[in-house]
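User: Could you walk me through reading this structure, one feature at a time? I'd like the general idea, then the case at hand.

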Amino acid sequence: MVLPSKHTPRSPTYLIPCVLALSLFSLTALLLYKVDDVVSRTGTVVGHNLEPTPWHVFPHKPFDEESRQQRAYRILQCSYLTCRYAAGDGGEERRRFPGGGGECPDFFVAIRRDLEPWMESRITKGHVAGAQRLAAFRVVIVDGKMFVDWYYACVQSRAMFTLWGLLQLLRRYPGMVPDVDMMFDCMDKPTVNRIEYQGMPVPLFRYCTTKEHFDIPFPDWSFWGWSEINIRPWNEEFPDIKRGSQTVSWKNKIPRAYWKGNPDVSSPIRTELLTCNHSRKWGAQIMRQDWNEAARGDFKQSKLSDQCTHRYKIYAEGYAWSVSLKYILSCDSVALLIAPQYEDFFSRGLIPEQNYWLVDPLKLCPSIKYAVEWGNQHLEEAEAIGKRGQDFMGSLTMDRIYEYMFHLITEYSKLQDFKPTPPPTSLEVCAESLLCYADEKQRTFLRKSTAFPAQTPPCTLKPI
């Protein structure tokens, strides 16, 4: 009699490894999908996954030089891992100083004037949220760490150098910069019109403002460098311009007014300025800047320190405000300002006929001619105006710029009626993460403009 077998059928020996392999493959596929999803939704300082600002459209950066895998690795490394493993943990101890920092310059009083619209209402979460549709990015500083929420891309490297400036402020005054929540736009033209927003003005920081706008002026990116056109950080560029201005004595400079720039920026003033290009009739030399040709030569023929050879230099606003104002004033030439409509943070300290000459835009060419003729007939007075303009810019050191930033942010933070917290969609930005995204030239400029902890306290704001 044969007994039935008690053994159950055995599974094939290859089944378990197949199941494990399939599970591993599925987990890997899911992980890659999740990583790709995160990467595709992460905005970055160089413009990944961000559209250009709709109020000032510029060519979208394609990132064609990166493969999909390279781009994913770069975003994960720079945006998610770098700050986490960077040295220091923020929240540095408040710096103590042995003495006072002296009184701030007169133009610092404009800080309170810029913030006056919110003195009574204070700045609420609603005010900040209302500025979002006009902003390119949001900056939240908490316990000495900076977080950024991206909405739109900024042209060229403006965002990178602006954020670098804020990080250097934190480095300059460790433990002293208050918690704050700020909306920024990085384009030239103010947008918070006083009539349109008179019921509820929204606080928006940018590089300039006008008397018809609530926009809050903030030091522009080029103080830390403008790598695309080879303009170095201010602490290098100003001394070089000043040295260049001294290669020819003032009386031996060309006795004409000089302007070189791009007239094709929807600027009626610059278009009309072209008609003044006649050295005998109007005493002016007006030159069109060919940016493509200049770029091919790495802007070596556009070196700012070589452009101080005329007794008079013209400042003409372009599409809006222009960074060129500070470089024109830095020569010891008489700066001829064509009735500026826009104000940046320092231009409120300029005084006509003391450190610049005001040109009438309604009589443009004759007004330039009059300024040139007057200056050539009053050499000492004209030279003194040019020298005072240069001295004013010389007093605008990076130390002074950080003081302005510190007081502006401090006064702004006092008006907030809420405790700033980083939005869930924001990411921490640190010096290492910006350097991670920067190209070689940008990295050089950024490192050259690194700040060091202050040895004296910020200047004291004058009472109202």
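User: How many helices and strands does the secondary structure come to?

Analyst: Helices (H or I, at least four residues) and strands (E, at least two) are DSSP runs, numbered from the N terminus. Here the protein has 14 helices and 11 strands. This is a predicted model, where local features need pLDDT of at least 70, side-chain atom pairs count only at pLDDT 80 or more, and totals for chains, interfaces and linings use all residues. Residues are numbered from 1 along each chain as its sequence is written, and side-chain values use heavy atoms, leaving out hydrogens and water.

User: What is the strand order in the open sheet of five strands?

Analyst: Two strands pair if DSSP finds at least two bridges between them. In this sheet the order is 7-6-8-9-10, and the pairing is parallel. Strand 7 (284–288) and strand 10 (357–359) are the edges, each pairing on one side only. From one strand to the next, the twist averages 25°. Strand 9 (residues 334–338) is joined to strand 10 by three bridges, and Leu336 stands opposite Trp357 in strand 10.

User: At what angle do helix 10 and helix 11 cross?

Analyst: Axes are lines fitted to C-alpha atoms, for helices over the stretch in contact, and angles run from 0 to 180 degrees between N-to-C directions. Helix 10 (residues 364–377) and helix 11 (residues 379–395) cross at roughly 115°, with axes that come within 5 Å. Angles of 65 to 115 degrees count as roughly perpendicular, so that is the label for helix 10 and helix 11.

User: Is Leu166 buried or exposed?

Analyst: Leu166, which sits in helix 5 (residues 158–172), counts as buried because its relative accessibility is 0%. Leaving aside residues up to four places away in sequence, Leu166 touches Val139, Met146, Met182, Phe184, Phe218, Met405 and Ile409.

How values were computed:
Angles under 35 degrees count as roughly parallel, over 145 as roughly antiparallel, 65 to 115 as roughly perpendicular and the rest as oblique. Buried means under 20% relative accessible area, exposed over 50%, partly exposed in between (1.4 Å probe, protein chains only). Contact means heavy atoms within 4.5 Å.
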